[in-house]
Amino acid sequence: MKGKPPKSEKGRASVAPYSIRKLEAALLERYSEDEVVVPHDDYIEEFIKEDTEIIGVYTMDPLGLGPLTMSYAVLFGDISKPWVRVEFESLIRRINRAREGKKAKLVVGGPGVWEFTILPEVLDELNIDLAFQGEADDIICDLFEDISEDTIGRGYFGGYQSFDDRFKRVWVAHEKFITRNFSGKQYPNLEDIPLIRNPAIKGLSEVMRGCGIGCDFCEVTLRPLRYYSVEMVMKEVEVNSRAGYTNAWLHSDEIFAYKHGPHFTPNEEALLELFRSVTKVKGIKTTNPTHGRISIPAAYPDLIRKLSEVMRAGPNHWIGVQVGLETGSDRLALKHMPNKTLPLRIGPDGSWQEIVTEGVRNMNKYYWRPAFTVQVGQMEETDEDNWETVALINRLSNMEVEGRPSEFTVTPMQNMPLGRIKSKDYSPEMLTQAQLAVYYASYRHLMKMAQRDAMKDSKGNIVKRTAIASILNVGAWALLYFIERICKKKGLDIEKVKRYGLEGEKVYVYAR
Ligand code: SF4
């Protein structure tokens, strides 16, 4: 399915973000289909009527404070509003115009709510009644009734959860926020989570919540592990398949932790059964996970080979999966994510870079293409750490697997101190030479990938594929050219960045 999601005959969205489908399913357990509406974007106003009680908006990066958006804000030194914020504000204004003079309350929720905890004044500026933080599958019906009847004092905490310097939860009172009470149940149990009744965008289905690996920057790890049964997953995949999706995208924050064994040993049997089962759902031809760790392909190549067979991976069907690399530095990896390599250990089982390299080798061998993210601006990061990240990117980029060039993408993500976010004081000036080198090495590799794969991997007829490939190539070239200018202005030796970590290696020809 391509382009803007189609609408159903009645103006409802025929496909919608997975989280909205979850809450819709939870609400439908108490209310009728006439009372619960997920509208298509073009028809929002038509559903806001005199008797509408709650308008819920799901958001991931409402104010553009997410690490990816921030990485561009820093690079372009742009203190104006990022596009995601412009879009979010435009939607909220539309809703506010439509609800003017009516009783409907406006509530925002979703993983992006943390951004309002940094800039809570925006809730007033945008006339948003409340921000809800947390998972709500099991309480959404009561919550909406309490908000509607102004009885939210009971059973909830009027404020939000945040984290102290040691990544311990703290509760901050605030009249514009609401979250689950700290003395009560914090998360729904598996049996409280309803299955979606209507299709989710991209054919997404959840297979588990939580992770447990314990990286010190990650909120997901604090949530309890809950695994969906294969039957639950198949039922949701069937719903998506009915909408025409032929690929089942199985979502988790760490797929190799699905029903894992001791020390996060992957459960081969459970993983194979999961993916094999969804490929048996009528209409489903292919499947892939959303996120996974690199150490599992490094340590268990045969698992990747078997999964590839089930997923029908091959030269014309690569398995894309997002992988958090975060750094090329052993020191930072051990400090912030010592368990991310489990059951391998940095030290006895090699350096972090060696584990990553072996992981990429095994992924590429069986036609998996990791989409890496690396962090810039981590706590206690040094220049040496960032140069190690540059070395890792260059080594992976220069690597061959089975006679083919390596396949991966890498995107730098900016960690921004709160003070700078509040003062909007961001520009390339705040980047050290070593941090800038990480940006340059990442985008240099991305341009190489765009030049090599854009045409091959684009879909459609030759004209369309040529147009898409040209746009990607020109875009990648322009971005790299722009970063190169910043590097030169800052006195960064670009030739050093290009060669860093490749001493003694045969360097394959780059386009630039
Ligand atoms: S492995 Fe990924 S999901 Fe798990 S704690 Fe670490 S960063 Fe979070």
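I count two strands as paired if DSSP finds at least two bridges between them, and I take strands (E, at least two residues) and helices (H or I, at least four residues) as DSSP runs numbered from the N terminus. The model is predicted, so I note that local features need pLDDT of at least 70 and side-chain atom pairs pLDDT 80 or more, while totals for chains, interfaces and linings use all residues. Residues are numbered from 1 along each chain as its sequence is written, and side-chain values use heavy atoms, with hydrogens and water left out.

**Sheet.** I found that strand 8 and strand 11 (residues 247-251) pair in the parallel sense over three bridges, with Ser-205 opposite Leu-250 in strand 11. I then saw that helix 8 (residues 268-279) packs on the sheet and touches strand 11 and strand 12, where contact means heavy atoms within 4.5 Å. The direction of helix 8 makes about 145° with that of strand 12; axes are lines fitted to C-alpha atoms, for helices over the stretch in contact, and angles run from 0 to 180 degrees between N-to-C directions.

**Pocket.** I noted that 13 residues line the second largest pocket, and that Ser-8, Arg-12, Ala-13, Glu-33 and Asn-198 lie nearest its centre. A pocket here is an open set of points, on a 1 Å grid over the protein atoms alone, where a 1.4 Å probe fits, with protein on both sides within 12 Å along at least five of seven lines, and lining residues have an atom within 4 Å of a point. I recorded four nonpolar, three polar and six charged residues in that lining, counting Asp, Glu, Lys and Arg as charged, Ala, Val, Leu, Ile, Met, Phe, Trp, Tyr, Cys and Pro as nonpolar, and the others, Gly among them, as polar.
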